[in-house]
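Here is a friendly walk through a set of chains and the places where they meet. Keep the viewer open as you read, and turn to each region as it comes up.

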Amino acid sequence: MKAARQRPRGASVLLVSLISLFAFSCSHSRPDRIVIGSKNFTESLILGELIAQQIEAHTNLKVERRFYLAGTYICQQAVLAGRIDIYPEYTGTALTAILKDKPGSDNQAVHQQVKSEYERRFDLTLGPALGFNDTFAIEIRGEDARRLNLKTLSQAAAYAPQWRAGFGYEFLERPDGYQGLAATYALHFAEQPRVMDLGLLARALRDHQIDLAAGNATDGLIPALDLFVLDDDRHYFPPYEAVPVIREQTIREHPEIGSVLAELGNKISDQEMRRMNYAVDGQHRDVKDVVRDFLHQNKVVP
Amino acid sequence: MNVFRFILQNRSQVLELTGEHLWLVGLSTLFATLIGIPLGIVIAHWPRLNKPVLAGANIIQTVPSLALFGFLLPVPWLGDRADRLAILALTLYALLPIIRNTYTGIRGVDPAVMEAGRGMGLTESQLLLQVELPLAISVILSGVRTAIVISVGLATIAAAIGAGGLGEFIFRGLAMVDNRVILAGAVPAAMLALLADIGVGWLERRLQPR
Amino acid sequence: MPPTPATPAIEFRNVSYQVAETHVLRSLTLQVQPGETLALLGRSGSGKTTTLKLVNRLLSPTAGEVLVNGVPNLNADVTRLRRSIGYVIQEVGLFPHFTVARNIGLVPKIEGWPEPRVRARVEELLQMVGLAPELASRYPHQLSGGQRQRVGVARALAADPQILLMDEPFGALDPLTRDELQREFISLQKRLRKTVVFVTHDLREAMRLGSRIALMEAGKLVTILSPDEFLRSTDPWASAYVKAFGDRLESTTTEGKS
């Protein structure tokens with residue numbers, strides 16, 4: 001059985017290396033290394049970079065970036081499995097998409113609900129709200145707002161029959177989207193709303209192809225194109241406050257992260273977020289530079 | 001050469017994602033082997049079961065992988081963790097080659113050898129363990145090899161649903177429109193598949209009965 | 001030595017075997033005495049191989065009983081039964097992944113013989129079947145056809161069974177080798193005195209090796225005679241056989257059989 005005896009050498013080397021790679025990947029406690037994730041759109045990248053630079057500047061921890069993850073579910077899976085330690089999420093999204101609860105309307109209450117549910121169910125916790133509310137923004141042209149003296153959605157509802165509306169596909173389909181909005185404010189448009197690509201909505205509004213659109217409150221193009229965001233006076237839309245989602249294990253191992261991130265609490269206003277978004281999307285500046293400037297100017301240094 | 005420098009610079013992340021990838025492929029192949037080889041042995045001995053079992057495994061194979069991942073997402077315990085889901089799906093896809101090759105390998109054993117063995121008074125289990133399986137092992141391993149190579153490829157798609165692995169580099173690279181990131185995932189994945197193919201192929205040849 | 005009025009080694013009592021609509025064997029009754037060499041002679045489809053396989057229960061009768069050493073073989077534990085009967089087939093069926101030694105020693109080994117005893121037995125058998133001891137570590141694919149069948153016979157004799165069943169054992173060999181093996185079989189049988197039933201379609205082989213010839217046709221036993229009686233028989237089938245082999249028959253009846 002000479003042949004049988006020669007087998008073990010090569011096979012065992014292969015086996016040992018495979019097992020050690022397994023073991024390496026299984027142990028998710030990385031000494032002194034923190035992985036920050038983010039979704040794949042500009043605002044999420046900016047927030048992820050913000051968290052990363054903040055931790056790099058104020059702790060001894062080495063930070064690894066795992067950005068451009070393709071969506072909420074993927075980020076959630078990654079943080080649950082320990083592949084990432086922190087990522088920026090929105091309270092409203094966490095509430096409806098992950099916890100599958102009914103949307104609420106009070107910022108504080110929603111934040112608290114999400115935090116306690118996350119801690120109970122997932123061994124995850126939330127950092128402080130960063131200050132802005134990236135909720136849905138119902139936009140009209142600045143000139144119309146001034147001419148007709150419109151400030152709130154309730155006021156604008158009167159003019160709906162004369163207007164054409166344009167929405168993204170998701171907004172039309174989501175239960176907390178168009179259906180609910182139209183019901184809450186008794187909106188009746190002359191024609192069915194047009195479905196358009198999100199990126200084209202703002203321009204279509206400016207060019208008078210549509211008169212009302214649903215975008216994001218922190219969209220950088222709002223000030224640039226002189227668009228006006230109508231106030232959601234009936235509080236239809238749930239809050240979408242940006243919060244860092246953090247693994248409890250990470251906080252336990254590195255408690256300094258908690259205080260470092262606390263410094264970011266409430267530091268970013270809606271306007272400020274719009275400005276940063278525009279800097280990246282409109283002015284094509286590098287995300288890293290935009291974030292660095294922000295941190296300098298706002299002296300977020302404990 | 002840009003790619004290799006990039007991989008070197010980010011080697012800890014590449015290693016980590018490779019480890020995740022191996023975890024997905026390794027575990028699913030293990031399960032598929034534990035289920036598939038006994039199933040293959042059963043249908044080789046009871047040919048009437050052959051059609052339904054092989055047909056079943058075949059049907060699973062024809063479902064597009066991304067669709068299967070999507071199908072399983074709403075399932076309660078599975079959908080909660082993407083890696084669980086991915087491992088189940090990868091196991092299902094690995095079944096057909098393993099079952100089929102086990103069946104073929106065992107049926108391919110010389111009937112004269114089986115008749116002599118039976119006539120000599122070997123029990124059915126002695127026949128299975130000492131004659132059929134050793135003679136069929138090379139063909140069975142070939143099925144396992146196919147399963148592994150398929151799994152390495154499918155596991156890259158599993159990143160689309162958040163299971164991690166080298167596919168994550170590919171998807172992130174696509175979103176960033178950065179070729180180096182894409183290749184940082186694609187190249188190691190291809191190398192894994194190649195290594196598995198060569199490694200198991202070598203083992204097959206070693207174990208080939210004369 | 002004339003058969004003693006003792007228990008037959010093998011007995012068929014009205015045995016029939018049917019597959020779907022085909023009656024492969026019809027009401028077969030015959031006895032094989034201990035120590036004799038019975039040739040089952042017949043054309044293809046005459047049922048001779050089926051008869052052989054009914055002895056070691058590779059097949060089970062649809063009617064009637066097969067008794068081995070006086071015990072109906074359906075009552076016996078099939079594994080014990082088969083291990084007490086040697087079985088040699090035309091294709092030999094050596095285990096290709098075992099050495100010659102391991103092939104031969106397999107049954108003793110699974111019967112729990114201690115290793116030294118197995119090795120000694122293998123050496124003994126190799127000598128008995130006329131194979132050089134160096135061949136013990138070779139693999140079947142390295143052997144010639146004749147060598148392979150010798151190993152097959154050695155393997156069948158390993159646990160020293162009383163009964164040996166052989167299904168056209170030399171059929172796949174060239175005439176020279178066949179002749180050689182037949183001669184060696186005869187001298188081996190003189191020494192060992194096993195009860196042997198072998199299947200053949202060759203009258204010369206039947207006459208040369210067998211102490212009696214059982215002629216079968218279409219699932220029935222036509223006649224069972226000694227070689228001399230067979231030559232002189234007036235039975236139509238027997239004489240047809242004798243005629244078919246014409247002058248290729250020599251008087252082989254006295255060649256070393258008792």
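## Ground rules and how the chains meet

Two residues are taken to be in contact when their C-beta atoms, placed from the backbone, lie within 7 Å. The model is a predicted one: local features need pLDDT of at least 70, side-chain atom pairs count only at pLDDT 80 or more, and totals for chains, interfaces and linings use all residues. Residues are numbered from 1 along each chain as its sequence is written, while chains are lettered from A and ligands numbered from 1 in the order in which they are written.

Chain A and chain C do not touch, and their nearest C-alpha atoms are 9 Å apart.

## Where chain C meets chain B

The contact of these chains draws 16 residues from chain C and 16 residues from chain B. Helices (H or I, at least four residues) and strands (E, at least two) are DSSP runs, numbered from the N terminus. On the side of chain C that touches chain B, at least two residues each come from α2 (78-83), β6 (85-89) and α4 (106-110) of chain C. The largest share of that side, 3 residues, is supplied by α2(C).

To sort residues by class, Ala, Val, Leu, Ile, Met, Phe, Trp, Tyr, Cys and Pro count as nonpolar, Asp, Glu, Lys and Arg as charged, and the others, Gly among them, as polar. The side of chain C that touches chain B then has 8 nonpolar, 5 polar and 3 charged residues.

## Chain B, an all-helix chain

Chain B has 10 helices and 0 strands. Its C-alpha atoms fill a box of roughly 65 × 40 × 20 Å, taken along the principal axes.

A residue is buried if 20 or more other C-beta atoms lie within 10 Å of its own, exposed if 12 or fewer, and partly exposed in between, with C-beta atoms placed from the backbone. Of the 210 residues in chain B, 46% are buried. Among the contacts in chain B with a separation of 6 or more, 74% are between residues 24 or more positions apart.

## The two domains of chain A

Chain A is divided into domain 1 (10-133 + 238-297) and domain 2 (136-229), with bounds that come from an automatic or database domain assignment. Taken over C-alpha atoms, the centres of domain 1 and domain 2 of chain A are 31 Å apart.

The contact of the two domains uses 13 residues from domain 1 of chain A and 9 residues from domain 2 of chain A. Helix α14 (residues 270-281) of chain A gives the most to the domain 1 side, with 6 residues. By class, that side of domain 1 has 5 nonpolar, 4 polar and 4 charged residues.

## Two helix pairs to look at

Axes here are lines fitted to C-alpha atoms, for helices over the stretch in contact, and angles run from 0 to 180 degrees between N-to-C directions. Angles under 35 degrees count as roughly parallel, over 145 as roughly antiparallel, 65 to 115 as roughly perpendicular and the rest as oblique. A crossing is left-handed if the near helix is turned anticlockwise from the far one by less than a right angle, and right-handed if clockwise.

In chain A, the axes of helix α2 (residues 42-58) and helix α15 (residues 287-297) come within 9 Å and cross at roughly 60°, so α2(A) and α15(A) are oblique to each other. Their crossing is right-handed. Residues that meet here include A:Leu45, A:Ile46 and A:Leu50 in α2(A) and A:Val287, A:Val291 and A:Leu295 in α15(A). The contact of α2(A) with α15(A) has 7 nonpolar, 2 polar and 3 charged residues.

In chain C, helix α6 (residues 145-157) and helix α7 (residues 175-192) pack at an angle of about 25°, with their axes 10 Å apart. α6(C) and α7(C) are therefore roughly parallel to each other, and their crossing is right-handed. The contact is made by C:Gly145, C:Gly146 and C:Gln149 of α6(C) and C:Thr177, C:Glu180 and C:Leu181 of α7(C). Sorted by class, these come to 1 nonpolar, 4 polar and 1 charged residues.

## Two residues with positive phi

A:Asp123 has a positive phi of about 60° although it is not a glycine. A:Asp123 sits in the loop between α5 (107-122) and β4 (124-126) of chain A, and counts as partly exposed because it has 13 C-beta neighbours inside 10 Å.

C:Asn14, also not a glycine, has a positive phi of about 50°. C:Asn14 lies in strand β1 (residues 10-19) of chain C. Is C:Asn14 buried or exposed? With 12 other C-beta atoms within 10 Å, C:Asn14 is exposed.
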